[in-house]
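I opened a notebook page for one structure and set down what I looked up in it. The entries follow in the order in which I made them.

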Amino acid sequence: MKPPLKLGEMLHLRGNALTKGDPVALPLTQSSMFHLPGAPDGHAAYGRVDNPTWLHLEHVLSHLENAPCLTFPSGMAAISAALFATVKAGSRILIPSDGYYVTRLLADRFLSNLWVAVEERPTLAFADGGFDGFDVVFVESPSNPGLETIDLASVARDVRAAGGITIADNTTLTPLGQRPLDLGIDIVVSSDTKAMGGHSDLLMGHVASRSAPIMERIEEWRRVSGAIPGPHEAWLLHRGLETLDVRFDRMCTSAQVLAERFMAHKAVQQVRYPGLPDDPSHPLAQAQTARFGFLLSITLKDEAKAEQFINACPLLRPATSFGGVHSSAERRARWGDDVDPAFIRLSVGCEPVEELWQAIEASLNAL
C-alpha cells in the first residue's frame, strides 16, 4: 500500500507561507530568551518551551505523519515521553522481548521501580494470551534487529477493545515505509537519529498521535522534564527530511538487490529481509508496508568470520545505529541481543549498489 503523502507539498510548506524578502532556507533560531514586554500569552517566552525552528520542523513532521507531532532530543527521549505520559503506578505494560534493548532497560530499571508491572513477549507470539488488563502495549514492527513483523491493525483493534493504548516504534521504516497511525495505533514514536535525519550527525526523535489528550500530556512531559531538542539539531533534521524521499527510495531498492545476492552466496548461512518472497515476514510486510526497508541481516559461519567481513569491507562502516547515507554493519550479539554470535545487522546506505556489492562480495570471498 502507498502512503497517502504529498511529498512535493512537504518541501514547500515553508515556501508557500513566505513574504517578499524572507529566506527560503529555514533560519536557525539559537536563543533561550525572547523579547517579551507585557503579558506573554501567545508569544514565544523561553527556550525550554518555545523555539521557531522546532515549530516548523514539527509542522513538516506532522505533514509526514498526518497527525500532531512533538520532537525530542533522541529516540529514547521520545519513547520515554510516550511511556511516562501514559502510565502511572499500578499500570501494566507489554513490550517486545526481541525489540530494541534500551526500551526494555527503561521499562525494567525505571518503570518497574515506580510500581508499573512490565511483561515481555516475543514478536512472533505477541498476541498470545490476549491484551486484557494491559494499560499500554508497545510494539515494534519490523523488530530490531530480527526483522520479525506483527499485524499492527489487529493489535491496535484488540488492545483498544481491551481498554488499552498502543504505542508503535516506527524507526526502521519511517512514515514513508509504514503508517501505524493509519492502521489504528494510538501513538507513534521514532528515532529520527536514523533515516529521518540520515547523515549520522544528530540525535533526535519524535512522537505523533491523533489523540489530543495524549498529545497534551506528552507536551506537558516535555515542558516539565526539559527533554527538549536543540535548535541546531532540529535545523539539521529539517534539512535531512528534505531528501528523505530520495534517500529512502535508494536505500530500500539497494537492500532488495543485496538481499537477493546474499541468498546466493556460499559464505552466508542465513538472510533475513522482509522483501524476500521466502522470508517469514514477507506476507505481512507486503500487506501493511509501502516499502520493505533498508535493514537486512545475514548470519555467517562464526563470530570471527563476521568480524572479519565487517572490518575488511571498505564500503561498510563498523558502527552501531543505522539509517545513514553510509552503509554500516555490526554484530548485534555484542550488545546482548539474543541472536547468533555471527548475526550481522546491515544498514544499506546510498552508495551506488553495484559498487557496494563489489566491495561486499570481495569481503565475503576472502573469508
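Entry 1: I then noted the basis of my entries: the model is predicted, local features need pLDDT of at least 70, side-chain atom pairs count only at pLDDT 80 or more, and totals for chains, interfaces and linings use all residues. Residues are numbered from 1 along each chain as its sequence is written, and side-chain values use heavy atoms, with hydrogens and water left out.

I counted 0 disulfides in the structure, a disulfide being a pair of cysteine sulfur atoms within 2.5 Å. Cys252 is in no disulfide, and the nearest cysteine sulfur to its own, that of Cys350, is 10 Å away. I also looked up accessibility, where buried means under 20% relative accessible area, exposed over 50%, and partly exposed in between (1.4 Å probe, protein chains only). Cys252 is buried, with a relative accessible area of 2%, and Cys313 is buried with a value of 2%.

**Entry 2: aromatic rings.** I took rings of Phe, Tyr and Trp (its six-membered ring) as paired if their centres lie within 6.5 Å; planes under 30 degrees apart count as stacked, over 60 as edge-to-face and the rest as tilted.

Phe294 and Phe322 are both buried, and together with Phe248 they form one aromatic cluster.

Entry 3: Rolling a probe the size of a water molecule over the atoms shows where empty space is left. A pocket is an open set of points, on a 1 Å grid over the protein atoms alone, where a 1.4 Å probe fits, with protein on both sides within 12 Å along at least five of seven lines; lining residues have an atom within 4 Å of a point. Grid points are joined across faces, edges and corners, and a volume is the space filled by probe spheres set on the points.

I read a volume of about 380 Å³ for the largest pocket. Its lining has 23 residues, and the closest to the centre are Tyr100, Ser191, Lys194, Ser321 and Phe322. The elements giving two or more residues to this lining are α3 (75-84), α4 (101-111) and β6 (187-191). Of the elements, α3 gives the most, with 3 residues.

**Entry 4: helix α8.** Which residues of helix α8 (residues 231-241) are buried? I listed Pro231, Ala234, Leu236, Leu237, His238, Gly240 and Leu241. These buried residues pack against α1 (7-11), α2 (52-65) and α9 (244-263), where contact means heavy atoms within 4.5 Å.

Key. Helices (H or I, at least four residues) and strands (E, at least two) are DSSP runs, numbered from the N terminus.
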